[in-house]
Amino acid sequence: MHPHSSPHPGPRSRRRTGSPRSARLAAVGAATLLLALTALPAAASGPAPSRAAVSSAAAGSSDPSDRVLVFSKTAGFRHDSIPDGIAAIEELGAQGGFAVDATEDAAAFTPGNLARYAAVVFLSTTGDVLDPAQQSAFERYVRAGGGYVGVHAAADTEYDWPFYEGLVGAYFQSHPAIQQATVDVEDRAHPATAHLGPQWERTDEWYNYRANPRDRVKVLASLDETSYEGGAMGQDHPISWCQDYRGGRAFYTGFGHTKESYADPAFRQHLLGGIRYATDAAQADCRPEQGYRPLFDGTSTDGWKQAGPGSFTLDTASGTLTSTGGMGLLWYQARELRSYSLKLDWKVSGDDNSGVFIGFPASDDPWSAVDNGYEVQIDATDAPDRTTGSVYGFQSADLAKRDAALNPPGEWNTYEIRVQGERLRIWLNGVKINDFTNQDPARSLRQGYVGIQNHGEGDEVSFRNIRVKDLPAKSGGHHHR
């Protein structure tokens, strides 16, 4: 909140080698360590030869956090785009610093071999591709923290394996002819979709699914069925999603049927973002999300009012509000909130300062929010109770959890700020990092307004997709405003 003169080292980087997740994966394969050190098994007979390829960017890496396995075995329809997909992922690995092994041999699914990888990509697999022992090894891998990326026909795979059904999210049902459609991008903070606009026009083969997975996954993008022929899911047609699943991370995209997809920079970035999430190289809130209504949807600042100096710049092309000058506050004056979950996406470019104010009375003086409300801080370097995730000046975040959940400057983060009674809880990218109860008789969280801070010159912080959901009121507490 306030300018600081004695900065302390703060969170700057993502998980690297030696993480607990890597240790868990390694432990799964400890009993078969010798196998883990060998090359991938030889190719099985089939319509296309198996291949093992390692990107030049990370060749020879033995750290599971730096390796991805691409699996493209087919026991049904075979997509002619599979070689293009493998080549694209190899190129993405070379650019992103992770090694890529590609195989069509299910014998690669052993505990020791899988422990070599941060994620396994099912690239348009079809049919029954793993035997029971291989299924068991992969299930253990996911439960130990392994990542899964499903591309297109990965949803047309392993119909008799309940664990896989939950992992992929939904099974394929049918598809119309390849055609252009409008994709509605619902989550623009996830690394797979942050680079996209609110709508994405593209040509692909559009899957209908046997069930809608929305109540179990975080939907990243959905199809506008009015924009093409042959949609069979109605007004809610998810096409890409993510989830934390039984200890691991899962990302699925229905895109990727056509060869042309793998030459499309927007799709390649989408695929890379999904891989980065699955490997734990990037963080995101992948909890299911329903029932929120927008306070700021990227198109206007209706309902908002600036208090104090400085301002926020609205960019409708990117759907962002970016702070300029200060010290001021842009607050949502259209409605006072009482018991709620507030979610918003935010991004800093460097050591920038901002925050989210809650629980303050209506006022055109930004210092009224400081004196009467609470600030959930955004700032990489300050004392622990004044850095990102803290209740500014009152309570530090859990620093270990905060650091593990935080994306670095230049990447989007998501806050959930949940207020019930006098209790305030804070989630960062889906991880709870703070749990605070107001005990100050001069303040109350039971009702009040919310706002975002423009801290001062040089502190440029961007916000997207500010939304709120009313929650049941909690009884108890010591006072009312």
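This briefing describes a sheet, a pocket and the cavities of one protein structure. The model is a predicted one, and the values below are computed from it. Nine strands of the structure form an open sheet with mixed pairing, the largest pocket has a volume of about 570 Å³, and there are four cavities of 30 Å³ or more.

**The nine-stranded sheet**

- Strands of a sheet pair through backbone hydrogen bonds, and this pairing can be either parallel or antiparallel.
- Read across the open sheet, the order of the strands is β2-β1-β3-β4-β11-β10-β9-β6-β7, and the pairing is mixed.
- The edges are taken by β2 (99-103) and β7 (199-204), each of which has a single partner strand, so one side of each is left without a neighbour in the sheet.
- On average, neighbouring strands of this sheet are turned by 20° against each other, with direction ignored.
- Within the sheet, strand β1 (residues 67-71) pairs with strand β3 (residues 119-123) in the parallel sense over four bridges, and V70 stands opposite V121 in β3.
- Helix α5 (residues 132-143) packs on the sheet, where it touches β3, β4 (147-151), β10 (238-245) and β11 (248-253), and the direction of the helix makes about 130° with that of β3.

**The largest pocket**

- The lining of the largest pocket consists of 22 residues, and those nearest its centre are V185, E186, E289, N465 and R467.
- Two or more lining residues come from each of β9 (218-224), β12 (293-296) and β24 (461-470), and β24 gives the most, with three residues.
- By class, the lining of the largest pocket divides into six nonpolar, seven polar and nine charged residues.

**The cavities**

- Rolling a probe the size of a water molecule over the atoms shows where empty space is left.
- The largest cavity holds about 90 Å³ of space, and of the 13 residues that line it, V348, A380, T388, L406 and P409 lie nearest its centre.
- Strands β17 (340-348) and β19 (374-379) each supply at least two residues of the lining of the largest cavity, which is made up of eight nonpolar, three polar and two charged residues.
- The second largest cavity holds about 40 Å³ of space, and its lining is formed by D187, A189, H190, K218, A284, D285, D345, T414 and R467.
- In the lining of the second largest cavity, two residues are nonpolar, two are polar and five are charged.

Methods: Residues numbered from 1 in each chain as written. Predicted model: local features only at pLDDT ≥ 70, side-chain atom pairs only at ≥ 80, totals over all residues. Heavy atoms only, no water. 1 Å grid on protein atoms, 1.4 Å probe; cavity = no way out; pocket = protein on both sides within 12 Å on 5 of 7 lines; lining within 4 Å. Points joined across faces, edges and corners; volume = space filled by probe spheres on them. Nonpolar A, V, L, I, M, F, W, Y, C, P; charged D, E, K, R; others polar. Pairing = 2+ DSSP bridges. Axes fitted to C-alpha atoms, helices over the stretch in contact; angles between N-to-C directions. Contact = heavy atoms within 4.5 Å.
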